[in-house]
Each structure stands twice: as C-alpha cells, then as structure tokens.
Amino acid sequence: MTEIATPVELIPKRTRRVDHGITESGPSLIPLEEGQQYRFTFDMSACVGCHSCEVACAEQNHLPTDTVWRRVGEIEGGVFPVTRTLHMSMACNHCLEPTCLEGCPADAYVKLSSGIVDHLADECIGCQYCTWTCPYSVPQFQPDRRIVSKCDMCKPRLEQGFTSACVDACPTHAIGIEAVDVAEWRADHAAADGPNLPPSGISLSTTRLVLPDDVPDTTWTGGDHALAPAHPHWPLVAVTLLTEVAIGLFVALLVAGSPTDDVLVPCLAFAMTVAGMNASLLHLGRPIMAAKAFRGWRHSWLSREAIAFVVLAVACGVAALAPSTVTAGVGAGVAVAAAVVSARLYMVPGRPSWDTPLTGVAFVASGVATGGALHAMLRDGGGRWLSLVGLSVALIAQVINLIRLRAGDGIERHGSWALTVGPLRSWFTLRVVAALVAVCALAFDLALLGIVAVVVTEIVGRWLFFVTAVPRSVPGAFFRGRV
C-alpha cells in the first residue's frame, strides 16, 4: 500500500496568517513534526450554510450528484420566539482509530503518515460495510463506480502545497487544516464532540470544533421531521435468513430427529448455506472480487462471517456424508457460531438500533424458528416445538429492542422506533399476526401452514431490521431525510 511522504514544507497558494488553525483569511499549511498529523478544524460561529465547501469538494473530486463527501447540515433549536439556527460542515474526520479501516474486509483503507485515512479504490469490493461502521456515515457508495469513496483531504492538492478545496472555497474561513499532536489529542479529544454528533471516542475523531456558547437544545422527541425507510438490502435479508436455517435444522435433527441415518436434513442445510453465500455476492458492487473479503479476518467481522459460512458449508457436507450424532452436533455448534458472527458484524455504533446483544439473540432465534418449522414439515412434526420457542424469542427480542430505542437518547434511536410504530406500523403488525398464525398452526400440527407463516414473519422481521436502521450522521442529514 502506497503512502504519501510526510511533507517537509508546504507552501500555500497565498500567504495566510495562522491563528490556532482558524484564521481570518484561512489557514496556512505547516510542516508536520514527529507525532503529528493533519486534521480539519471547523468554526460553527463562522459558518453561514452557503454550501460552497460542498460544491468545491464535488468539483475537485468529480463526484456525481448523488455522492457527497462534505456535507453541510442545519442545527435548529430553542423555544419560540427565542430560536437559533446553526450550520455544521463535516467531511472525513481522519480518525486516530478509524472504524472504516477496522471494518473493511478487503483492506481497502490505509492510515497514512500524514494522518489521512485514504481509501484504495482498486482494492474495494463495494460491500459498503464501512458505510455502517463509520459513526459519521462518511464513506459513500458511488453507484457509477460500484465502490465506496470518501474524502482524502484533497491529498493531491496537499502534495502540491495547496490547501483542500473546501478550505479554499469557504468565504468565511470556517473550515481549516492544522497539525495536531496525536498523543495529546488521544488523551483529550473533547473538542471533537458537538451537538447531534456521535461521541468522538468511538473512532477518536480528530476534527477540532469551535462551538458558540449558545448552541440550542436539539434533543428530538418526535414530530414531523423527515423520516424515510433505509435501503432494504434484499441480498442480505436472503443471506442471513438462509444461513440461519441451518441452525434450526441441525438442532431439530439432534433433539427430534435421527442424526445417525438422516441425510436429507444435512443436505438441505448445506443447500441453504451455499444459496446464502451466493446471495451475498449480489450485495457487492464488485462481486468478481469477492475473494478479497477474506483478507481482513484479523479485524473485520465481515471477513469472519465469510469464513464462518465456509466452515458451516463444510460441516453440513461432513454431516451429510457421515451422518452421526457427533457430526450433527458439530454442525449445530458451527451453525450457531456462524449466526452469532453474522449478527456481530451488524452490532456497530453507527447503527444504534443494531448495536445490542439482542441482535445476536434474534438471529439465532430466527434460525431456530425457520429451521425447526422446516424440519417439522419434512419429518412429521419433529421440531415444531423448537420452532415455537424460536418464534417467541425472536419476537420478544424485537419488542424489547423497540422499548430500548424508545427509552434511549438520540435522534437515531428515536427515529428507528418512530419508523416502526409510524410509517411501517402495518408491516410490524403483519409480522406479529403471521407469528401468531405460525404459533397456532404449529401447535395444532399444521406443518405446511406453519412453515409458510414462519417464513412470512421472519422475512418481514429481517426486512424491518434493515429499513428501520437510522444511521448516525452529521447534524442536519437526518432532517433532510437522508436515512
């Protein structure tokens, strides 16, 4: 991976006076000393919300209209007639512990010696996992290139001695670039915290914010703000549910089946796992480069999920070729572990509605519900009580999570709850009704109706899991409906 050298001297286009990084006429780029890196600064009092920085960024980096690297949002608050509107301009924060880099399965990110978190386009497989792991929603999926892209602080301009395009374009000099001592900032990074921003400690954001004394209270408690369902990610709905079926099939095989002579159930679990793995390719921008997803196994939960699915497929094959209690038990253990790993990759601070152990409980319970119901249909009722337990646990987990979201702080948590009980209430009702139908059908040994109702409730439940996830982002993005 190529790194740019730490600049010895950077001469700006025009001579500018430096005053703690924020200046009257713009910051001068200064050479880095040992233990320093570059970072953005932003003075909220100076920003007038003109969006010049957004335009300059888009023009400099030739971005399509639906890809935004620097965003300007509004912060509104107060009680009439004493109200206040402020603006927040934010791009990549070039964090000390970038969660985009940690989460990337293809190792398409690198932290340069200058402190810039750079994205390597040639290595990106377009999985979009970094768009979830970043608590600021900085990385953007660029449809025309089928990869993710992000702010690199205008690295080519810095190498030539110029400042970033956004800094150069800001008419009030609200945006700046300065050097920061990494050790000192790691010890105290409170200046990176701002209204409606995620806690800076998640990734150790380096952007230094200068806030006015009278920042209005922006706590959201409801109202007619722009709420819109997120992308459903249908390939991920398919891969998570299909691979989880193996859990219920193997557990039912152990509890209510004949593991020593049953070949059909392990074969079906193998088919479901392979189908799920193939479905996951449809989510990638560059599916032909899918093999790169195994690179980041040391740090990326997505890489670990890919490995877990391969191991699960092997375990299913072994159980089919050599049916026994031991191979069925190993298959069940691997299936549960794969579901836990799969759930763990969604438990990221950037998606508060997912960031809970309840996600893991729901994933395992969904597998037990669907796999148990399928086993009941294939083996004359065997596994139906297992499916009943899985259904109950999965539904209870979602209800508890809704209660958690309603009681928690932050726009993202309240937004996820409001979507579920508001615009998407009919779908949540459908899930509950389908679950009740499944319970009755399984209790009265109506296997076919039971499996249909279980499939309906779990597909709707997993769809709701994705579309109600309100991401953390910069202030203002939520109110514009960028959900």
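Where is Ser200 found? Hi everyone, let me start with that one. Ser200 sits in the loop between helix H6 (182–187) and E9. Before going on, a word on the model: it is predicted, with local features needing pLDDT of at least 70, side-chain atom pairs counting only at pLDDT 80 or more, and totals for chains, interfaces and linings using all residues. Residues are numbered from 1 along each chain as its sequence is written, and side-chain values use heavy atoms, with hydrogens and water left out. As for the labels, helices (H or I, at least four residues) and strands (E, at least two) are DSSP runs, numbered from the N terminus.

Back to Ser200. Buried or exposed? Ser200 is buried, with a relative accessible area of 1%. Buried here means under 20% relative accessible area, exposed means over 50%, and partly exposed is in between, with a 1.4 Å probe and protein chains only. Leaving aside neighbours within four places in sequence, Ser200 is in contact with Tyr136, His189, Ala192, Asp193 and Ser205. Contact means heavy atoms within 4.5 Å.

Now to the sheet. Three strands make an open sheet, in the order E8-E1-E9, and the pairing is mixed. Strand E8 (175–181) and strand E9 (208–210) are at the edges with a single partner strand each, so one side of each has no neighbour in the sheet. From one strand to the next, the twist averages 30 degrees. Angles like this run from 0 to 180 degrees between N-to-C directions, and axes are lines fitted to C-alpha atoms, for helices over the stretch in contact.

Which strands pair in the antiparallel sense? That would be E1 and E8, over seven bridges. Two strands pair if DSSP finds at least two bridges between them. In E8, Gln36 has Asp181 as its bridge partner, and Thr41 has Gly176.

On to helix packing, with two pairs to show you. Take helix H7 (residues 234–256) and helix H11 (residues 358–378): their axes come within 6 Å and cross at roughly 60 degrees. H7 and H11 are therefore oblique to each other. The cut-offs are under 35 degrees for roughly parallel, over 145 for roughly antiparallel, 65 to 115 for roughly perpendicular, and oblique for the rest. The crossing of H7 with H11 is right-handed. A crossing is left-handed if the near helix is turned anticlockwise from the far one by less than a right angle, and right-handed if clockwise. Residues of H7 in this contact include Gly248 and Ala252, while those of H11 include Gly367 and Gly371. By class, the contact of H7 with H11 has 10 nonpolar, eight polar and one charged residues. Ala, Val, Leu, Ile, Met, Phe, Trp, Tyr, Cys and Pro count as nonpolar, Asp, Glu, Lys and Arg as charged, and the others, Gly among them, as polar.

The second pair is helix H12 (residues 384–407) and helix H15 (residues 447–467), which pack at an angle of about 25 degrees with their axes 12 Å apart. That makes H12 roughly parallel to H15. This crossing of H12 and H15 is left-handed. Ser387, Leu391, Ala394 and Gln398 in H12 meet Val454, Thr457, Glu458 and Leu464 in H15. The residues of that contact divide into four nonpolar, three polar and one charged.

Let me finish with a few loop residues. Cys124 is in the loop between strand E5 (117–119) and helix H3 (130–133), and at 6% relative accessibility Cys124 counts as buried. Not counting residues up to four places away in sequence, Cys124 touches Ala108, His119, Ile147, Val148, Arg286 and Met289. The C-alpha atoms of Cys124 and Val148 are separated by 7.0 Å, with the two residues 24 apart along the chain.

Finally, backbone angles. Most residues other than glycine have a negative phi. Asp107, though not a glycine, has a positive phi of about 55 degrees. Asp107 lies in the loop between helix H2 (99–103) and strand E4 (109–111), and counts as partly exposed at 28% relative accessibility. Arg146 is not a glycine either, and has a positive phi of about 65 degrees. Arg146 is in the loop between strand E6 (140–142) and strand E7 (147–149), and is partly exposed at 39% relative accessibility.
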